[in-house]
Amino acid sequence: MTVLRIYDVKCEYKVNPIGLYVKRPRISWKLDAGERRDVVQAAYQIQASEEDSFGQLLWDSGEVSEQSSIHIAYSGAPLLSRKRYYYRIQVWDSTGASSGWSDTCYWETGIRSSAEWQADWITGELQDKDNAHYMRREVKVSRPLASARIYATALGLYRLYVNGEPIDDTLFAPGWTSYNNRLQVQAYEVTGHLADGDNVLGAMLGNGWYKGNLGWGGRTDHYGAHRALLLELHLTYTDGTEEVICSDGGWQYSSGPLLYSELYHGERYDARLERDDWCKPAGLAHSEGWSRAERIDGLGYDTLVAQENDATRMTQEIKPIAVIATPRGETVLDMGQNMVGWVRFKVRAAEGTELKLQHAEVLDLEGNFYTGNLRTAKQTITYICRGGVEESYEPIFSFQGFRYVRLEGWPEEQLDELLQSVMGCVIHTDMEPTGTFECSDEDLNQLQRNIVWGQRGNFLDVPTDCPQRDERLGWTGDAQVFIRTAAFNYGVANFFTKWLRDLAADQREDGGVPFVIPDLEGVGYGSAAWGDAAVICPWTLYECYGDTRILEEQYESMKAWVDYIRAQGDDELLWNTGFHFGDWLALDAKENSYIGATPRDLICTAFYAYSTELLAKAAAVIGKEEEAAAYRELHSLISAAFRAEFVTPNGRVASPTQTAYVLALMFDLLEEGDRPRTAAMLAANIEENKVHLTTGFVGTPYLCLVLTRFGYSDLAYKLALQKEYPSWLYSVTKGATTIWEHWDGIKPDGSFWSDDMNSYNHYAYGAIGDWFYRRVAGIDTVEDQPGYKHIRIEPQIEGPLTYARAALQTMYGEVSSSWVREGDGRVVLEVGIPANTTAEVVTPPMSALSGISHGGGVPLAVSAGIHAAQETDEQGMRITIGSGSYRFEFTLPRASEADHALTAGT
C-alpha cells in the first residue's frame, strides 16, 4: 500500500486557533510518505464547513493541480464573528496516490468588528495605587451549556479565573504592543470551567508594560495612567440561545495580597491578606471592602486586534543545583543556568515572617552575590507568610533574569530543604522548537545551548536586548542581526509578525523607525542597521517561511524606511547625517566609546544599499514590478556611490576594519574583481590580530559567513573555536550559559567590564548560530523557492571537527544534514529531505568519480531520487535530489590523492 499521509495541519501557523480576526485564514500542511523517495504533491483539495460532518460546504477548492502546501488562503463565503469553521484536506502525489481526507481541523473567529463589542472598559480607584486590582463578577448558568468563550484584554497585565482556578496557563496577557495603536485580544475556551448554577469570574490586574516602570529614570505611565479590563463571556446553550456577560458596572473590585508588582523590581505579596474565596461562588459578593467597578468612557475598541503572537507560558522547571554560603555570609541558590522567569517556593514559617528573594546573574570575583549590572532594577520578591501551614508562592506579574537567588529571612531549620522546596520556572513566548545543532566540539555545543537559552530568555512577547536590568526593550538592531538564527531555533513567524506590525504602527510619518519597538518616548529613532529591521526582518520571514503576506503587509513600512534614508544624506545616494550606533561595542572603538572604528557613514550607506536591494526583491515578489525596477536602479546607484566614496580607484576599501570589509563583501558592494582581494585583506586582518575578531553588533553576524563564502572556511572555524578573549568561546570558558553583551563581560582576571551596561543574557552575538546551521551543517534555502521548498545542502567539512549534524523543522517537514569523518579523509554525509520538496547537495572539492566506495551503496546514476549529478567548477559534486533519506560517501582530497569516490546509499 502506498503511504501518503497529511500531518501537522495548521491555520495561520497555529493548531486549531480560536479568536482569529484574519479575513482569509491560511492553511498549511506536511506530507508523510514513509520510506519512499522523490514524493511530490501533484494536487490538493480543501473543504470548509460550519459542520464537522461537512454536510454543507462553505468552500470546496476542488482538485487544484498545484504543489503548494503552505499558506493556502481560505476562499469561501465571508466569515462571521465568533464562529467555528471546520476544514479538511486531501492530496494526490505525482503517482496518483491519494492521502484520503486529513483529520478534521478548525479555526474559530473572534469579535471581528469594533461595532460588535458590548462590554465596557472598567476599573476601580484603589487607595494604594501599587496594589493589584482584584475584580469579580457572579455568573449563573441557567440551563445546559453547549459552549462558552471569553474574549478579553486589559490596559496593564491581567490574569483570569473561573471559580477560583486560572482559566489556562498563559502569562503576561495581553502582551506588549504599540498600545495606542494596537491592543491584542485573547480568546479562551472556558466551557469546562463553568458549572451549572452559580459561578464567579475573577480577574487580577497589574501594571505590566502599560503603566509600570519602563525604560530609564524610573518613569511610569508611558501609555496610560489607569489599569482597565475589557471582557465578554459568551454562553451558548444547547437550546440554541445565547447570553453575554460583559465587563460593566455589575463587577466588583478590591485590593488583595499582591501589594506591588513591577516588571523590573519584582513583587510584594502579603499572604495574610489572602481571601481564598475571592472569586468563588457565594464567597464575597457583599463582603466589606468590595466596591462597584467604574466604567471608563472614551477608550473605545478601534485599537483591538486578535492575539497574534504565541502565548507566553512557563515551559520548563529547573531545580537548583547548589546552596552557596558566600564569603559575606549570604545564602544563595545556584540554578545552574542563567534563565528568565521566576522561582516557585514552599515554606513553613510563623505568621508575618518576611521572606526576600533577590535575583542576579553572576557572583563577583570573591564569590559574593552581585547586582551592580542590574542598575536600578531590584528584581526582588518579598513574601509575608500567612503562618500555620505550608505555603507556596510564585510571582504573577513580574519576571526576573537570573542564575543566582539570594534568600533572606528563611527559617534556619528549613535551609537544608531548599533544594527540594524551590523550583525555577522558565518563562518565554511559547514558540515551537524547530532546530537542533550538534558537533564534535563540546565547547561549540555549549555555545549553541547558550544561543538557545539567550533566545528563550529574551523572546518574552517582544525581542528584548536583556531580561534583567532596567531596560528589557525591543531594540531593532539586535532583532535584525539575530532573526535568521532565531528562525532556526524556533518557529518565530507569529512572534515577528506581531512585532513588525508594532514597528509599522510606531514608524514616524517621515518613515523613521524607532530604536526600540514598541516605541518609548525619548529613546529616539532613525539609526542605520537598527531601523533596517523594517526591511530585513520581513524579508527573512519570507525566506524562512515562504510567507508572501508578510511582505504585502509590511511593504509600505519597508518602502517608507528606504525613502526616509533617501531623504537624509547630502545627496540621495549617501547617508552621512544624523546619529547612528555604528558598529556598536566593537573592539576597535576608541577609549571610552561604545562605537567602533568603522566610519558610521560607511555603515549607513552599506545598509541603505542592502535594504534597497531587499525592497526591490520584495516588490517583485508581490507583483509591484515597476517599483521593483525603480528600486533596483536605486540600489545600483547607491552601490556605485558607495564605491566612489569608500573604495579607492584601485579597488581597496578605504577603511581597513574587519566590519568595513565584511559589509562591503556581504552586501556585494564591490566590483566583482575586487572582492577576492578584499576577502584576502579581511583574512589577513584577522590573522594579524592572532585569529581574533574586532567586530561589534554590525559586523559580527556576517563575519564567518563572509569568510566561508570567499574560501576561508578554515579561518572561520579557527575564529569560531578561538577560546582566548575576544571570542565566542571565551565566555564559555568562563562558565557562561547564555550569550554576553560584551566580549569581556567578565575579564580574564575575574573582574567585570562595567556596571553601566553589562548584560550576561544578550542574544545579539549569538547570530553565529546562523553560520552553524547554514555553513557547518550546510542547511539553507534558496531565494526563488523560499521556505525550504528547494533546499541547499552544502556543509563546510573543514577544520578540526570530526562530525556535525543539524535538523530543521520547516513548513514542509524536517530537513536534516549530518556528516562524519571516518578516517583517511573518508566522509559520510547523510541528508533527509521532506516530501514535496527538492534539494541540491553540494560536496567539497573532489576529482572525477572512480566507482563505489561503500559496499551498501549504489552508483549515483541508478539511485532512486537522484535527478542529476555533475561536477562543480571546484571539482566537487552538485547532486539534485527529491525527498527522502540519502547517504553519500566520499573521500576528501589529499596532496597524494587524485581519485575520490562518491556513493548514494540505498
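# Cysteines

Cys544 is buried, with a relative accessible area of 6%. Here buried means under 20% relative accessible area, exposed over 50%, and partly exposed in between, computed with a 1.4 Å probe on protein chains only. The model is predicted, so local features need pLDDT of at least 70 and side-chain atom pairs count only at pLDDT 80 or more, while totals for chains, interfaces and linings use all residues. Residues are numbered from 1 along each chain as its sequence is written, and side-chain values use heavy atoms, with hydrogens and water left out.

The structure contains zero disulfides, a disulfide being a pair of cysteine sulfur atoms within 2.5 Å. For Cys466, which is in no disulfide, the nearest cysteine sulfur belongs to Cys537 and is 18 Å away. Cys466 is buried, at a relative accessible area of 0%. Cys544 is likewise in no disulfide; its nearest cysteine sulfur, that of Cys537, lies 11 Å away.

# Packing of H7 and H8

Two packed helices are described by the angle between their axes and the distance between the axes. Helix H7 (residues 548-566) packs with helix H8 (residues 600-621) at an angle of about 145°, and the axes are 9 Å apart. Helices (H or I, at least four residues) and strands (E, at least two) are DSSP runs numbered from the N terminus. Axes are lines fitted to C-alpha atoms, for helices over the stretch in contact, and angles run from 0 to 180 degrees between N-to-C directions. The crossing of H7 and H8 is left-handed, a term used if the near helix is turned anticlockwise from the far one by less than a right angle, with clockwise giving right-handed.

On the H7 side, the contact involves Thr548, Leu551, Tyr555, Met558, Lys559, Trp561, Val562, Ile565 and Arg566. H8 contributes Tyr608, Ser611, Thr612, Leu615, Ala618, Ala619 and Val621. Contact means heavy atoms within 4.5 Å. By class, the H7 contact with H8 has 11 nonpolar, three polar and two charged residues. In this classification Ala, Val, Leu, Ile, Met, Phe, Trp, Tyr, Cys and Pro count as nonpolar, Asp, Glu, Lys and Arg as charged, and the others, Gly among them, as polar.

# Aromatic pairs

The whole structure has 62 aromatic pairs. Rings of Phe, Tyr and Trp (its six-membered ring) pair if their centres lie within 6.5 Å; planes under 30 degrees apart count as stacked, over 60 as edge-to-face and the rest as tilted. Trp117 and Tyr301 make a stacked pair, 6.1 Å centre to centre with 5° between the planes. This pair links distant parts of the chain, 184 residues apart: Trp117 sits in the loop between strand E8 (105-109) and strand E9 (121-123), and Tyr301 in the loop between strand E22 (294-296) and strand E23 (304-306). Trp117 is buried at 7% relative accessibility.

Tyr269 and Tyr393 make a tilted pair, with 4.5 Å centre to centre and 35° between the planes. Tyr269 is in strand E20 (residues 266-270) and Tyr393 in strand E31 (residues 391-393), so the pair ties together parts 124 residues apart in sequence. Both partners are buried, Tyr269 with a relative accessible area of 9% and Tyr393 at 5%. Elsewhere, Trp475, Phe515, Trp530, Phe579, Phe581, Trp584, Tyr594 and Trp753 form one aromatic cluster.

# Backbone features

The peptide bond joining Ala173 and Pro174 is cis, with omega about 5°. Pro174 is in the loop between strand E13 (165-166) and strand E14 (183-189). Another cis peptide bond runs from Tyr725 to Pro726, with omega near -5°, and Pro726 is placed in the loop between helix H13 (713-721) and helix H14 (728-733).

Asp38, although not a glycine, has a positive phi of about 60°. Asp38 is in the loop between strand E3 (26-32) and strand E4 (41-49) and is partly exposed, with a relative accessible area of 31%. His71, not a glycine either, has a positive phi of about 55°. The loop between strand E5 (57-60) and strand E6 (72-73) holds His71, which is buried at 16% relative accessibility.

# Gly531

Gly531 lies in the loop between helix H5 (493-506) and helix H6 (533-545) and is buried at 0% relative accessibility. Leaving out residues up to four places away in sequence, Gly531 touches Thr476, Val513 and Trp561. The C-alpha atoms of Gly531 and Val516 are separated by 9.1 Å, with the two residues 15 apart along the chain.
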